[in-house]
Amino acid sequence: MTKKTPLSGLGNTTALSVRRPGGRGMEPFLFNTFNTIFMVLLVIVTLYPFLNTIVVSFNAGNDTIRGGLYLWPRDFTLQNYKAVFASGTIYNAFLISVARTVLSTVLNIFLTTMLAYTLSRRDYIFRKLITTIFVLTMYFNAGLIPGYFLMKDLHLINSFWVYVLPSLISAFNLIVIRTYIYTIPESLIESAKIDGAGDFRIFWRIIFPLCKPVLATIALFVAVGAWNSWFDAFLYTSSRQELSTLQYELMKLLSSSMNANSNPSVANGVGVEHSTQVTPISIRAAVTIVASVPILLVYPFMQKYFVVGLNVGSVKE
């Protein structure tokens with residue numbers, strides 16, 4: 001009996017040692033399972049409203065009123081998009097919006113980064129004064145009417161450049177980029193100066209490439225803001241149809257379809273024969289898709305700078 005007791009105790013110890021790793025092995029499995037289920041549900045909740053909007057945009061308007069649309073059109077039709085593109089001005093407005101978005105983004109990023117680099121130099125004696133002036137613009141605004149008269153005095157009314165010039169510099173973006181430049185080692189700039197590089201060469205060959213991660217983020221913000229803007233077109237260029245933007249044209253289309261009483265589909269060139277297939281709800285869904293898809297196509301190209309581009313600005317010894 002005395003000889004069996006150590007063996008039996010050893011057996012119990014071995015059994016416990018075998019069960020413990022198994023118990024610990026269940027925790028990662030349960031966590032991964034719960035995490036996967038949670039992320040799938042999150043993706044569904046996030047994507048479903050957009051997918052449902054696509055379904056409504058491809059469904060006949062009179063059938064949409066019945067409800068019950070989820071992930072597939074019940075009465076497939078293209079009349080909603082035909083109503084959106086029925087006006088010939090929509091194509092020119094699309095080109096204006098693209099030109100405005102590209103120019104605003106490129107010029108804003110380049111000029112704001114150049115100014116941020118200047119204000120990040122500690123040997124620049126006016127950097128605190130100029131920074132304070134830009135920060136004040138974030139808290140104080142002259143208002144709508146003084147802003148309109150300013151654009152008028154600058155001869156920007158009914159001009160394409162009214163979309164670009166007022167947004168060349170952003171105070172918030174300036175502070176963000178300047179803060180990022182502070183993280184770049186000063187030794188890089190000093191080494192470039194010893195090698196004979198000037199400030200502009202240092203900015204273009206060192207600062208600008210190392211700021212790619214933050215510039216990609218800022219560029220996306222600026223591009224989305226320029227693409228979605230329509231109020232400035234309403235204020236400054238509404239009398240010139242050739243300068244109308246896509247968002248402004250879609251806003252007018254949506255407004256006319258919502259305000260039409262007897263036959264909303266007749267507005268903006270939609271024929272009477274399609275009146276039962278187009279309603280304000282279906283028009284609104286089609287307008288949302290037309291306005292959203294172009295800017296969504298930019299995200300895959302910017303994604304690499306958000307994920308991989310974070311390593312671009314690292315300094316390797």
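## The loop between α6 and α7

Asn 158 sits in the loop between α6 and α7. Helices here are DSSP runs of H or I with at least four residues, strands are E runs of at least two, and both are numbered from the N terminus. The model is predicted: local features need pLDDT of at least 70, side-chain atom pairs count only at pLDDT 80 or more, and totals for chains, interfaces and linings use all residues. Residues are numbered from 1 along each chain as its sequence is written, and side-chain values use heavy atoms, with hydrogens and water left out.

Asn 158 has a phi near 60 degrees, a positive value in a residue other than glycine. Its relative accessible area is 23%, so Asn 158 is partly exposed. Buried means under 20% relative accessible area, exposed over 50%, and partly exposed in between, with a 1.4 Å probe and protein chains only. His 155 is found in the loop between α6 and α7 too. Phi of His 155 is also near 60 degrees and positive, again in a residue other than glycine. Most residues other than glycine have a negative phi. His 155 is exposed, at 68% relative accessible area.

Ser 159 also belongs to the loop between α6 (144–153) and α7. Ser 159 is buried, because its relative accessible area is 17%. Neighbours within four places in sequence aside, Ser 159 is in contact with Thr 237 and Leu 243. Contact means heavy atoms within 4.5 Å.

## Overall make-up

The protein has 14 helices and zero strands. Buried residues make up 33% of its 317 residues. Take contacts between residues at least 6 apart in sequence: 71% of them join residues at least 24 apart.

The protein exposes about 19600 Å², and carbon and sulfur atoms supply 68% of that area. Accessible areas come from the Shrake-Rupley method with a 1.4 Å probe; for residues, only the protein chains shown count as cover.

## Helix pairs

The axes of α4 (residues 89–120) and α7 (residues 171–182) come within 8 Å and cross at roughly 55 degrees. That makes α4 oblique to α7. Angles under 35 degrees count as roughly parallel, over 145 as roughly antiparallel, 65 to 115 as roughly perpendicular, and the rest as oblique. Axes are lines fitted to C-alpha atoms, for helices over the stretch in contact, and angles run from 0 to 180 degrees between N-to-C directions. The contact involves residues of α4 including Asn 108, Thr 112, Leu 115 and Tyr 117, and residues of α7 including Leu 174, Ile 177 and Arg 178.

Helix α8 (residues 186–194) packs against α9 (residues 199–210) at about 145 degrees, with the axes 10 Å apart. From α8, Leu 188, Ile 189, Ala 192 and Lys 193 make the contact; from α9, Asp 199, Ile 202, Ile 206, Ile 207 and Leu 210 do.

Thr 64 lies in helix α2 (residues 61–64). Thr 64 counts as buried, at 10% relative accessibility. Its contacts, leaving aside neighbours within four places in sequence, are Val 56, Asn 59, Leu 69 and Ile 281.

Helix α13 (residues 280–296) has 17 residues. From first C-alpha to last, α13 reaches 24 Å, close to the 24 Å expected at 1.5 Å a residue. The expected span is 1.5 Å times one less than the number of residues. The buried residues of α13 include Pro 280, Ile 283, Val 287, Val 290 and Ile 295.
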